[in-house]
Amino acid sequence: MDKDRGITMNDGNKIPILGFGTYSPDAVPKSKCEEATKTAIEVGFRHIDGAYVYQTEEHVGRAVRAKISDGTVKREDIFYTGKLWSTFHRPELVRKCLEESLKKLQFDYMDLFIIHNPFSMKPGPDLFPMGEDKKPVFDNVDLRQTWEAMEACKDAGLVRSIGVSNFTRKQLEMILNKPGLKYKPVINQVECHPYRNQSKLLAFCKSNDIILEGYCVLGSQRDPSWLNPDAPPLLEDPLLVAIAKKYNKTPALVAIRYQLQRGLVVLVKTYTRKRIEENAQVNHICNLRYHCTTRG
């Protein structure tokens with residue numbers, strides 16, 4: 001990390017260490033994403049993380065352009081990440097997905113474009129195609145060919161860097177060992193927090209000059225359909241609370257700083273102005289010397 005709070009990736013481009021996520025749950029009006037993104041830029045965020053499947057790209061684009069128009073930032077100040085959705089994995093569809101996102105954003109290029117998931121789904125208008133049995137309809141695509149199409153998008157100047165998301169070590173090795181590989185993934189974006197610290201994957205990525213980027217850094221979303229409701233929320237963990245009290249900071253800031261000190265790029269997401277401002281303060285926390293262990 002250098003003085004401008006960025007990390008240089010393996011292709012020479014730089015990514016800000018703290019990013020603002022723009023996923024919006026169905027229960028939240030998409031318009032809130034626009035206002036939150038404006039606020040994030042106003043308080044200092046320069047890394048904005050989006051995705052085709054979030055269906056918020058038009059709102060994010062308007063927010064960024066508004067902050068450019070009022071002189072807060074220039075386009076080159078903003079690092080925007082977009083994602084290739086699973087219904088576009090066939091090589092001939094990769095650029096189509098990217099261009100649709102760019103059109104919604106009204107951007108000429110993306111700073112980073114990543115494969116959202118390592119599984120492919122049936123192409124078509126449905127984001128989550130389902131069969132008559134109400135089960136997802138998957139597609140059989142060689143992700144090495146998908147990656148070649150990603151490389152072509154970089155060569156065309158539509159994106160500056162390319163990477164992946166939710167990839168395991170084995171899936172990363174498949175790309176890295178691909179004959180004729182032109183560009184290595186610069187980043188692997190995964191769920192990462194003190195209860196799921198991804199230490200083995202982090203070590204592998206570091207050994208291959210790939211940055212690990214963490215989402216859900218404040219703990220997994222507490223969806224009762226899959227999470228044990230009796231499991232304690234991460235931000236109520238006694239160790240985290242004790243450290244936060246010692247440094248007179250919130251548990252959330254301590255959890256974020258923990259990941260930054262491990263060398264991760266960190267994504268945070270909230271639509272509350274107070275919390276957006278709080279998250280932006282993480283760079284002012286002194287180094288914290290402690291260890292968090294993985295819990296099952």
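1. In the protein chain, residues 24 or more positions apart account for 72% of the contacts with a separation of 6 or more; contact means heavy atoms within 4.5 Å. The model is predicted, with local features needing pLDDT of at least 70 and side-chain atom pairs counting only at pLDDT 80 or more, while totals for chains, interfaces and linings use all residues. Residues are numbered from 1 along each chain as its sequence is written, and side-chain values use heavy atoms, with hydrogens and water left out.

2. The protein chain has 9 helices and 10 strands. These are DSSP runs numbered from the N terminus (helices: H or I, at least four residues; strands: E, at least two). Of the 296 residues in the protein chain, 51% are buried. Buried means under 20% relative accessible area, exposed over 50%, and partly exposed in between, with a 1.4 Å probe and protein chains only.

3. Helix 3 (residues 91–105) packs on helix 4 (residues 143–155) at an angle of about 45°, and their axes are 8 Å apart. Axes are lines fitted to C-alpha atoms, for helices over the stretch in contact, and angles run from 0 to 180 degrees between N-to-C directions. Helix 3 and helix 4 are therefore oblique to each other. Angles under 35 degrees count as roughly parallel, over 145 as roughly antiparallel, 65 to 115 as roughly perpendicular, and the rest as oblique.

4. Helix 3 contributes Pro91, Val94, Arg95 and Leu98 to the contact, and helix 4 contributes Gln145, Thr146, Ala149, Met150 and Cys153. By class, the contact of helix 3 with helix 4 has 6 nonpolar, 2 polar and 1 charged residues. Here Ala, Val, Leu, Ile, Met, Phe, Trp, Tyr, Cys and Pro count as nonpolar, Asp, Glu, Lys and Arg as charged, and the others, Gly among them, as polar.

5. Alanine 149 lies in helix 4 and is buried, with a relative accessible area of 12%. Alanine 149 touches Pro91 and Val94, leaving aside residues up to four places away in sequence. Its C-alpha is 8.6 Å from that of leucine 93, a residue 56 positions apart from alanine 149 in sequence.

6. The axes of helix 7 (residues 238–247) and helix 8 (residues 251–261) come within 8 Å and cross at roughly 100°. Leu240, Val241, Ile243 and Ala244 of helix 7 meet Pro251, Val254 and Ala255 of helix 8. The contact of helix 7 with helix 8 has 7 nonpolar residues, no polar and no charged.

7. An unreviewed UniProt entry lists Tyr54 under "active site"; such annotations may be inferred rather than shown by experiment. Tyrosine 54 is in the loop between strand 4 (47–49) and helix 2 (57–69). With a relative accessible area of 13%, tyrosine 54 is buried. Not counting residues up to four places away in sequence, tyrosine 54 touches Thr22, Tyr23, Lys30, Asp49, Lys83 and His116.

8. Aspartate 108 is in the loop between helix 3 and strand 6 (110–115). It counts as exposed, at 68% relative accessibility. Aspartate 108 touches Leu102 and Leu158, not counting residues up to four places away in sequence. The C-alpha atoms of aspartate 108 and valine 159 are separated by 9.0 Å, with the two residues 51 apart along the chain.
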